[in-house]
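Me: Could we go through this model together? I would like to begin with its surface.

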Amino acid sequence: MDVAETLRLSGRAIRAHKLRSALTVLGILIGIAAVVTFVTFGASLQADVVGQISETSANNIYLVAAEDDEGFAGAGRPVFTEEDVSTFAGVEGVERVVPRGILSVSAISYGNDTVARTQATATTPAAFASTPFVAGEPFELGREEVVLNRLAAQSFESNATVGDTVALTLGGGRTRNLTVVGVVNGSAGELPFDAFGSQARVYVPTDPLYNTVVESPSAGAPQRVYPQVTVVADPAETGAVRERVEEVFPETDAAQLVPDGFELIAQTSGDFADQVEEIVSQLTRFVTGIAVIALVVGAVGIANIMLVSVTERTREIGIMKAVGARNREVMGLFLTEAVLLGVLGAALGVPVGVLGGWAATQYAEISLTLAPGWFAIAVVVGVVVGAVAGLYPAWRAARVDPIEALRYE
């Protein structure tokens with residue numbers, strides 16, 4: 001029996017039981033589609049997140065004091081003094097240094113509208129050196145001014161704009177009236193993962209609003225102290241500047257102020273991109289693994305229909321053997337039928353999965369990124385699932401005794 005004849009007979013058997021075959025194909029389709037959907041969404045999410053991190057000043061080096069083995073997840077202790085800011089500014093290849101502090105805020109008011117807030121970012125005008133302004137300009141140190149990002153400006157019933165006055169309610173109920181001098185996109189001066197977070201941001205000058213101070217071990221006088229410092233390096237020397245900054249860590253006030261169990265770390269946007277990429281990849285593999293369960297169900301469906309088919313076609317198998325069909329030809333016929341069901345499910349599951357991935361990216365408002373390698377894998381999986389699931393039924397069909405089969409009713 002040649003290949004063409006085997007395919008013809010297998011196709012005829014599938015068409016003879018349309019509903020049963022369709023349900024079996026549906027099981028494989030759902031499994032393949034689920035895998036492709038999750039993989040496509042994972043690839044899209046990874047490309048979007050990593051792309052946005054990479055676009056947020058790849059030459060930025062972020063300095064924090066973080067708990068051992070926790071990385072930036074355990075960051076937030078204020079240890080970098082004004083003296084440290086000056087030290088980092090003197091490192092070769094550094095273009096500017098941007099300190100960032102957290103100002104506790106309970107609310108921000110504009111007109112008769114008050115919005116609850118938990119914090120504002122205290123920084124310097126250098127934070128906005130490469131930040132696009134929707135309107136206005138950076139604030140000046142020593143002045144009662146504020147810069148809002150677009151979401152913060154739009155959080156009031158009527159949008160706040162340049163020249164308006166907003167009131168910040170600080171800890172203890174104190175209120176400071178600040179003039180809006182600029183509105184920006186994104187999250188200036190923040191860590192890279194804050195840059196694509198859809199959150200309202202309020203930026204105030206460190207002088208006169210930020211009053212977290214500590215006695216500088218090197219200067220012997222009270223100085224402002226910050227939980228994060230961003231070192232902006234020459235783009236051509238980012239890696240070298242990072243190494244130089246790490247080399248001066250022991251000479252800084254931060255090295256003496258850092259608590260036990262914490263360490264000073266310096267990371268670039270590339271480091272964040274690698275970490276996020278690995279996290280998203282792990283989540284994608286985990287969710288995809290769950291989707292593979294649907295493939296197992298589909299395989300069981302194929303095995304079931306093939307076993308039923310062997311039972312129903314026992315007399316047909318006997319006739320085939322009586323006219324000279326060999327065991328391997330009978331086995332090949334049923335195995336081909338199982339593989340065809342798997343291939344059909346995979347062929348239909350891939351486009352359905354891509355459509356599902358597209359719907360997921362639209363819901364998440366990210367760009368669609370395809371993972372074509374997985375499409376080929378999905379087809380191969382469909383073939384393998386069909387072959388494995390049909391192997392035992394095919395073997396059982398090949399072992400049917402022709403005399404007993406001809407007696408079978």
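**Surface and sheet**

Reply: The protein exposes about 19,400 Å², and carbon and sulfur atoms supply 56% of that area. Accessible areas come from the Shrake-Rupley method with a 1.4 Å probe, and for residues only the protein chains shown count as cover.

Me: What should I know about the source?
Reply: This is a predicted model, in which local features need pLDDT of at least 70, side-chain atom pairs count only at pLDDT 80 or more, and totals for chains, interfaces and linings use all residues. Residues are numbered from 1 along each chain as its sequence is written, and side-chain values use heavy atoms, with hydrogens and water left out.

Me: Which residues make the nonpolar surface patch of about 410 Å²?
Reply: Leu-19, Leu-23, Leu-26 and Ile-30 make that patch. Nonpolar side chains (Val, Leu, Ile, Met, Phe, Trp, Tyr) are joined within 5 Å, for residues with over 30% relative accessible area and no salt bridge; a salt bridge is a side-chain nitrogen of Lys or Arg within 4 Å of a carboxyl oxygen of Asp or Glu.

Me: Where is Ile-30 found?
Reply: Ile-30 is found in helix H2, residues 18-55; helices are DSSP runs of H or I with at least four residues, and strands are runs of E with at least two, numbered from the N terminus.

Me: Why does Ile-30 count as partly exposed?
Reply: Because its relative accessibility is 45%; buried means under 20%, exposed over 50%, and partly exposed in between (1.4 Å probe, protein chains only).

Me: Changing topic, what is the order of the open sheet of three strands?
Reply: The order is S2-S12-S11, with antiparallel pairing; two strands pair if DSSP finds at least two bridges between them.

Notes. Patches are made of residues with over 30% relative accessible area and no salt bridge: like charges are joined within 9 Å, nonpolar side chains (Val, Leu, Ile, Met, Phe, Trp, Tyr) within 5 Å.
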